[in-house]
Amino acid sequence: MQTHKIPVFNPWVPEWLARSVIFFILMTCLFCFALFSSPVAMMGFYGIAATDVQYAMVVIYGSTVAFLALDARILKYFPPRKYLLIALATNAVCSLLCFHTRSWTLLIMCEFVQGITCALMSGIVLNLIFPRLQSTRARVIGYTILYAGIQISVPLYSIYSSAMLHFFDFNWLFYGLNVLLAALTFIVLITMNGKARFFKKIPLYQVDWLGYLFYLSFILVLGYILVYGRQLGWYGSSEILFLSLCDILILFLFITRELTLKRPLINLHIFRTKNFVTGLLMLFTFYIFKGSTGLTYGYLEAILGNDPLSTIPIWMAVILGTVIGMFVISRFVLTGYNLVKIIITGFGMMGLYYVYMLLFVSVQGETADFILPMFIYGIATGVLFVPIVSFTVSAAPPKIASNASLVGIFARFTGFTASLALNNELQLYTKSAVREKVRETLMETHPRLPVVLTDLQHKYINAGSDLYTAKGASEGYLNNLVREQILARATRDYYDLMLAGVVCVIVVLLLLPQIQHVVLKLRKGNIPY
């Protein structure tokens with residue numbers, strides 16, 4: 001029997017175990033993103049700023065996105081088990097290095113490599129899942145399980161990180177990853193056939209390595225500009241201006257090369273399809289709205305004083321909402337329900353989440369008040385993700401449909417990175433606006449200010465403090481109260497803008513006649529990302 005026709009799993013492995021191993025591989029490759037579920041802990045451990053944490057996320061995400069374009073070609077050369085074991089070993093080495101050091105530079109380098117291993121493992125997972133699914137029904141369910149796993153991985157690993165960081169230092173997260181990698185390595189060794197291949201072996205010639213370097217460079221430079229732009233003053237900074245010009249040049253070289261090659265890294269002719277471009281814009285917009293939840297977690301921590309363990313019910317609500325949303329909506333997709341109507345419903349639920357947050361964000365509240373809105377957010381995520389991806393893939397021409405996934409994941413990355421830049425910009429804008437209003441009202445000449453400070457001093461004196469201590473404590477308490485009011489008001493203003501954005505998206509979708517009757521086409525030969 002030819003090697004590319006030998007089953008990947010050994011004959012004694014039952015189907016349920018094979019599927020469990022595939023899901024285990026998927027969740028393990030996403031584990032690296034667990035490091036960013038507690039930015040404050042990372043900032044404290046490495047002594048860095050919030051923007052540095054954001055750029056580390058961009059590095060691992062961008063490295064994954066770029067290598068996925070190359071992975072499909074390399075996977076035709078290596079046997080899956082050998083390829084997977086290389087990824088696991090490389091990931092384990094990076095984790096060991098990070099566990100024993102506190103070097104931020106080393107961490108960034110390891111994150112880049114781990115992004116490559118994440119792409120490598122993801123490619124294997126996708127080639128293990130979708131060739132096993134022959135019917136349209138099975139493929140829709142496959143989409144649902146795959147994307148549900150991706151979407152719930154962040155809150156799931158946030159729960160894990162919260163528990164670990166409650167008892168251990170930040171670097172012990174790497175220890176947990178290595179335990180997972182060791183277990184997976186053992187499982188892969190005993191369940192997979194070392195001689196099996198997904199495809200007939202094709203030597204690594206005519207691989208667009210230069211195109212990959214252009215693509216990777218463009219992604220990482222774009223991420224740097226978007227993350228550090230606000231901090232450096234955007235185009236008032238010579239560094240941002242220089243990097244922007246370099247990125248435009250890199251993009252020009254990449255596009256020119258891809259349009260002239262016979263076997264390009266990504267076939268850019270796919271952008272000629274109008275509905276495909278519309279799908280990309282929806283993916284991009286969805287990830288901008290999705291990125292706004294970071295502000296909710298920040299609000300719970302900064303104003304309500306939640307410790308990470310107290311936020312676990314919130315993450316569980318997101319997981320439950322996402323799973324319910326995805327599996328319910330898969331039934332609608334299977335019955336042939338109009339995709340655009342499903343997408344509009346999902347954005348409507350996202351708008352409902354923002355409305356709820358606007359009603360409940362204040363300087364006082366309980367964690368329980370935010371379980372329902374985050375559950376609604378989870379449902380909105382589950383409702384939106386599969387239909388938008390399905391819409392985008394279905395719109396692509398059959399001959400180049402495989403490129404739809406590669407461009408789609410780039411759109412998701414761009415949306416995620418743009419959400420970081422938008423959050424940094426809008427939060428600064430809204431906080432500045434609110435702070436200015438407070439400054440105009442709360443001035444030292446305000447007649448009520450001395451009365452309030454005196455009342456606070458009396459409360460501290462009655463509690464046993466001396467006059468000097470009471471005076472300092474009362475001023476600190478007032479400043480903290482004002483800071484909380486500014487953050488709460490700025491958060492509400494931010495969600496006002498997000499709600500307006502959701503309404504605009506819904507209106508645009510309702511007014512685009514050419515997308516109203518898109519037919520779902522889940523082709524057997526297409527592997528989605």
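This is a predicted model: local features need pLDDT of at least 70, side-chain atom pairs count only at pLDDT 80 or more; totals for chains, interfaces and linings use all residues.

Residues are numbered from 1 along each chain as its sequence is written, and side-chain values use heavy atoms, with hydrogens and water left out.

**Whole chain.** I looked up secondary structure as DSSP runs numbered from the N terminus (helices: H or I, at least four residues; strands: E, at least two). The chain has 17 helices and zero strands. I then took contacts (heavy atoms within 4.5 Å). Among those between residues at least 6 apart in sequence, 84% join residues at least 24 apart. For area I used the Shrake-Rupley method with a 1.4 Å probe; for residues, only the protein chains shown count as cover. The chain exposes about 23900 Å², and carbon and sulfur atoms supply 67% of it.

**Met121.** I found Met121 in helix 5, residues 104-129. Is Met121 buried or exposed? Met121 is buried, at a relative accessible area of 0%. Leaving out residues up to four places away in sequence, Met121 touches Ile25, Thr28, Cys29, Leu84, Ala87, Leu88 and Leu184. Cys29 is 92 residues away along the chain, yet its C-alpha atom is 6.1 Å from that of Met121.

**Helix 12.** Helix 12 covers residues 312-334, 23 residues, so it should span 33 Å; the end C-alpha atoms are 33 Å apart, which agrees. Just after helix 12, Gly336 takes a positive phi of about 80°.

Next I looked at a nonpolar surface patch of about 430 Å², made by Leu320, Ile324, Val328, Phe332 and Tyr337. Patch residues have over 30% relative accessible area and no salt bridge; like charges are joined within 9 Å, nonpolar side chains (Val, Leu, Ile, Met, Phe, Trp, Tyr) within 5 Å. A salt bridge is a side-chain nitrogen of Lys or Arg within 4 Å of a carboxyl oxygen of Asp or Glu. Ile324 lies in helix 12. Ile324 counts as partly exposed because its relative accessibility is 35%. An α-helix has 3.6 residues a turn, so residues three or four places apart point the same way.

**Val503.** I placed Val503 in helix 17, residues 467-510. Val503 counts as partly exposed, at 43% relative accessibility.

Terms used. The expected span of a helix is 1.5 Å times one less than its number of residues. Buried means under 20% relative accessible area, exposed over 50%, partly exposed in between (1.4 Å probe, protein chains only).
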